[in-house]
Amino acid sequence: MNRLWESQKRLNFDTETEAIGKICKALGHPARIQIMTLLWKRDNRTCGEIVELFPLAQSTMSKHLLELKKASLVDVKYEGKKTIYSITVDNIEVLKKYISNYLSTIEISEEDKSTVLTTRHKMKGRKRHLKQYNYQFPHKNIKERTA
């Protein structure tokens, strides 16, 4: 019984860390990110308006909207039979602050930066202009040189 209890211990984090965890979890699905993008472009949309813009069932969209609501990313107002969604700016500010602070502490060497947007192979095909942005894996370059 003690082992079971130990495996279910809950770690206590500060309020901001808990909020960021909920936000990131809610934004962990592409449909939810798209919903947030729609609301940024025009706030105060009804559920019906949001559903019309997605190729997903209304019930699926309602589940995604509920996840955003649980993470306090959207506010919900009820006007008669209409449910109106808008962005909760406060939690977006918390996430923005966290990401800004996090990114300011990361150091990427110039060597690592250059590998992301370089390519060393000849480009062929109609969409060859896009290949310049492909990441080159170092171990593949070694194989190409030996071939």
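**Entry 1: S86 and the sheet**

I began with S86, which lies in strand 3. The model I am working from is predicted. Is S86 buried or exposed? I found S86 buried, because its relative accessible area is 10% and the limit for buried is under 20%. Next I looked up its partners, leaving aside neighbours within four places in sequence. S86 is in contact with D43, N44, L73, V74 and D75.

Strand 1 and strand 3 (residues 82–87) run antiparallel and are joined by two bridges. In strand 3, I84 stands opposite T46. I also checked what packs on the sheet.

**Entry 2: helix 2 against helix 6**

How do the axes of helix 2 and helix 6 cross? I read a crossing of roughly 100° for helix 2 (residues 15–26) and helix 6 (residues 89–105), with the axes coming within 10 Å. That makes helix 2 roughly perpendicular to helix 6. I listed the contact residues. Helix 2 supplies E16, I20, I23 and C24. Helix 6 supplies N91, V94, L95, K97 and Y98. I sorted these residues into six nonpolar, one polar and two charged.

**Entry 3: salt bridges**

How many salt bridges does a search of the whole structure find? It finds three.

I took E16 and K97 up again here. Their side chains meet in a salt bridge at 3.7 Å, N to O. This pair links distant parts of the chain, with E16 in helix 2 and K97 in helix 6, 81 residues apart. E16 counts as partly exposed at 38% relative accessibility. K97 is partly exposed too, with a relative accessible area of 47%.

E49 and R42 form another, at 3.1 Å, N to O. I noted E49 as partly exposed at 28% and R42 as partly exposed at 40%.

K70 and E67 also meet in a salt bridge, at 3.3 Å, N to O. The two are three residues apart in helix 5 (residues 58–70), so about one helical turn separates them. K70 counts as exposed at 52% relative accessibility. E67 is partly exposed, with a relative accessible area of 25%.

Technical notes
Residues are numbered from 1 along each chain as its sequence is written. This is a predicted model: local features need pLDDT of at least 70, side-chain atom pairs count only at pLDDT 80 or more; totals for chains, interfaces and linings use all residues. Side-chain values use heavy atoms; hydrogens and water are left out. Axes are lines fitted to C-alpha atoms, for helices over the stretch in contact, and angles run from 0 to 180 degrees between N-to-C directions. Helices (H or I, at least four residues) and strands (E, at least two) are DSSP runs, numbered from the N terminus. Angles under 35 degrees count as roughly parallel, over 145 as roughly antiparallel, 65 to 115 as roughly perpendicular and the rest as oblique. Contact means heavy atoms within 4.5 Å. Ala, Val, Leu, Ile, Met, Phe, Trp, Tyr, Cys and Pro count as nonpolar, Asp, Glu, Lys and Arg as charged, and the others, Gly among them, as polar. Two strands pair if DSSP finds at least two bridges between them. Buried means under 20% relative accessible area, exposed over 50%, partly exposed in between (1.4 Å probe, protein chains only). A salt bridge is a side-chain nitrogen of Lys or Arg within 4 Å of a carboxyl oxygen of Asp or Glu.
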